[in-house]
Amino acid sequence: MEHYEACLAKHGDTHLGMDWPNARDAETRYRVMLEVIRKPAPPVVSLLDFGCGASHLYEYINAKSLRGIEYTGLDLSQKFIELSRKKFPQNSYIWADILEDPEAVPSFDYIVMNGVFTEKRGLTFEEMLAYFERILSAVFAKARMGITFNVMSKHVDWERDDLFHLPFDTLARFLTSSLTRNFAMRNDYDLYEYTTYVYH
């Protein structure tokens, strides 16, 4: 959390402030995340932006005139929640840690976790994997239809020690043993990461 707050303080309310290197790739991620919503969809689906930051996903929804999405944001950082509430007072925002206070997080049709697991910072791979599995289990329990998240791929030119490069097989073993066999992995959008949709 401190890392992202430092990025915000340094770069302001921009993609760099969310620690995304460039705006075009960030937009690609928003598109892929929202494609978790299966068609045909109900007239309105409730969506939780888990780790919402400055609500850039909501800005993308508005910019693309996407209808039928009832948006709520959640973040661990009070600074990001205050910023988002100031920008979009009409939205609902939750300041909570789902592991510490799961009852503070209601259920939603879909839950999006964009960039929540791409960086592990100073954690070891094993520590990050354990944290990732705990969060995923808690979040999946709050989703009525499905969740989506992105992680760094192992199939890259080189790996960074501060990023979470998760093997496909490691993820598949966890999902099938602990959550569901009903999932899809996407590696088709030309970034050094992949996105997974997990459905009930």
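**Exercise 1. Classify Arg186 by its relative accessibility, and identify the salt bridge that its side chain forms with Glu35.**

*Solution.* Step 1. Arg186 has a relative accessibility of 15% and therefore counts as buried; buried means under 20% relative accessible area, exposed over 50%, and partly exposed in between (1.4 Å probe, protein chains only). This is a predicted model, in which local features need pLDDT of at least 70 and side-chain atom pairs count only at pLDDT 80 or more, while totals for chains, interfaces and linings use all residues. Residues are numbered from 1 along each chain as its sequence is written, and side-chain values use heavy atoms, with hydrogens and water left out.

Step 1. The side chains of Arg186 and Glu35 form a salt bridge at 2.5 Å, N to O; the term denotes a side-chain nitrogen of Lys or Arg within 4 Å of a carboxyl oxygen of Asp or Glu.

Step 2. Arg186 belongs to strand E6 (residues 183–186) and Glu35 to the loop between H2 and strand E1 (45–50), so the pair ties together parts that are 151 residues apart in sequence. Helices (H or I, at least four residues) and strands (E, at least two) are DSSP runs, numbered from the N terminus.

Step 3. Glu35 is partly exposed, at a relative accessible area of 35%. Both residues also belong to a network of salt bridges that links Arg31, Glu35, Arg186 and Asp188.

**Exercise 2. Determine where Glu193 and Arg29 lie, and whether each is buried or exposed.**

*Solution.* Step 1. A salt bridge joins the side chains of Glu193 and Arg29 (2.7 Å, N to O).

Step 1. Glu193 is buried, its relative accessible area being 2%. Arg29 is likewise buried, with a value of 8%.

**Exercise 3. Describe the salt bridge between Glu159 and Lys154, and state how many salt bridges the structure holds.**

*Solution.* Step 1. In the pair of Glu159 and Lys154, the closest N and O atoms are 2.9 Å apart.

Step 1. Glu159 counts as partly exposed at 38% relative accessibility, and Lys154 counts as partly exposed at 36%.

Step 2. The structure holds 10 salt bridges.

**Exercise 4. Summarise the fold of the protein chain and its overall dimensions.**

*Solution.* Step 1. The protein chain contains 6 helices and 7 strands, in the sequence order α-α-β-α-β-α-β-β-α-β-α-β-β.

Step 1. Its radius of gyration is 16 Å, close to the 16 Å that the globule rule gives for 200 residues, so the chain is as compact as a globular protein of that length. The radius is taken over C-alpha atoms, and the rule is 2.2 Å times the number of residues to the power 0.38.

Step 2. The C-alpha trace spans about 40 × 40 × 35 Å along its principal axes. Buried residues account for 50% of the 200 residues.
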